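Have a look at the fold first, then read on.

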Amino acid sequence: MNNTDIISKTIAFVKEKLHQAEGGHDWFHIERVYRNALLIATTENGDLTVIKLAALLHDIADSKFHDGDETVGPKLARTFLETQNVNEATIAHVVKIIENISFKGGNVQRDFTSIELDIVQDADRLDAIGAIGIARTFNYGGFKNRTLYDPKIAPNTKMTKEEYKNNEAPTLNHFYEKLLLLKDKMNTDTGKKIAKERHRYMEGFLSQFYAEWDGELFK
């Protein structure tokens with residue numbers, strides 16, 4: 001397997017598959033996660049080929065866009081990698097990462113561990129927080145035609161996996177149900193350091209949001 005060649009072909013494959021994807025889960029999301037993963041990998045001892053392939057393929061078929069079916073993405077990734085004659089150990093590892101990377105409400109224990117999963121999961125979670133995380137959250141909320149905010153609907157941070165998948169709460173609730181929880185769920189030292197600053201940015205945004213909502217001066 002020529003690593004440079006397979007990465008180039010994987011990039012082309014992902015770009016084609018996500019050509020008309022929702023703006024928060026398109027090729028540019030993949031590209032940002034890929035860059036985040038490479039950055040984190042500079043301080044961690046992981047298999048760089050697995051990290052690159054998993055980062056590129058982690059959202060090839062996000063279950064939220066496939067009627068909640070979590071098997072579509074791993075199957076599609078496996079099929080593609082097999083056509084590229086990638087060795088079975090690498091394919092199996094990449095598939096396991098895809099199966100275990102998502103948040104799923106934060107109350108589900110993953111059934112597989114590896115430093116490569118830690119790195120790619122941190123890279124993906126970093127793209128869910130900070131300025132880009134805010135933009136992605138409201139983009140998806142608009143895509144689903146959800147209310148921006150409803151003071152009468154409290155966030156639910158104790159959702160089961162199924163409740164999380166079927167949640168239709170106002171967009172702002174997602175900050176409390178996921179985004180603000182990610183800082184303390186990072187795996188790597190580099191991921192934790194970056195997440196800390198992005199977390200602070202979100203807190204400032206929320207303070208500004210509530211002040212504007214209530215017609216108050218921002219303090």
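## A buried aspartate

Leaving aside its neighbours within four places in sequence, which residues is Asp 118 in contact with? They are Arg 110, Asn 187 and Thr 188, where contact means heavy atoms within 4.5 Å. Asp 118 is found in helix α6; helices here are DSSP runs of H or I with at least four residues, numbered from the N terminus. With a relative accessible area of 16%, Asp 118 is buried: the cut-off for that is under 20%, using a 1.4 Å probe and protein chains only.

Some housekeeping: this is a predicted model, so local features need pLDDT of at least 70 and side-chain atom pairs count only at pLDDT 80 or more, while totals for chains, interfaces and linings use all residues. Residues are numbered from 1 along each chain as its sequence is written, and side-chain values use heavy atoms, with hydrogens and water left out.

## α2 against α6

Helix α2 (residues 27–41) and helix α6 (residues 115–126) have axes that come within 8 Å and cross at roughly 130 degrees. Axes are lines fitted to C-alpha atoms over the stretch in contact, with angles running from 0 to 180 degrees between N-to-C directions. The pair is therefore oblique, the label left over once under 35 degrees is called roughly parallel, over 145 roughly antiparallel and 65 to 115 roughly perpendicular.

On the α2 side, the contact is made by His 29, Val 33, Asn 36, Ala 37, Ile 40 and Ala 41; α6 brings Ile 119, Val 120, Asp 122, Ala 123, Asp 124 and Leu 126.

## α2 against α3

α2 also packs on α3, at an angle of about 155 degrees and with the axes 8 Å apart. That makes α2 and α3 roughly antiparallel to each other. Trp 27, Ile 30, Val 33, Tyr 34, Ala 37, Leu 38 and Ala 41 of α2 meet Leu 48, Ile 51, Lys 52, Ala 55 and Leu 56 of α3.

Take Leu 57: its contacts, sequence neighbours within four places aside, include Phe 13, Val 14, Phe 80, Leu 81 and Val 94.

Definitions and conventions:
Helix = DSSP H or I, 4+ residues; strand = E, 2+ residues; numbered from the N terminus. Buried < 20%, exposed > 50% of the residue type's maximum accessible area, 1.4 Å probe, protein only.
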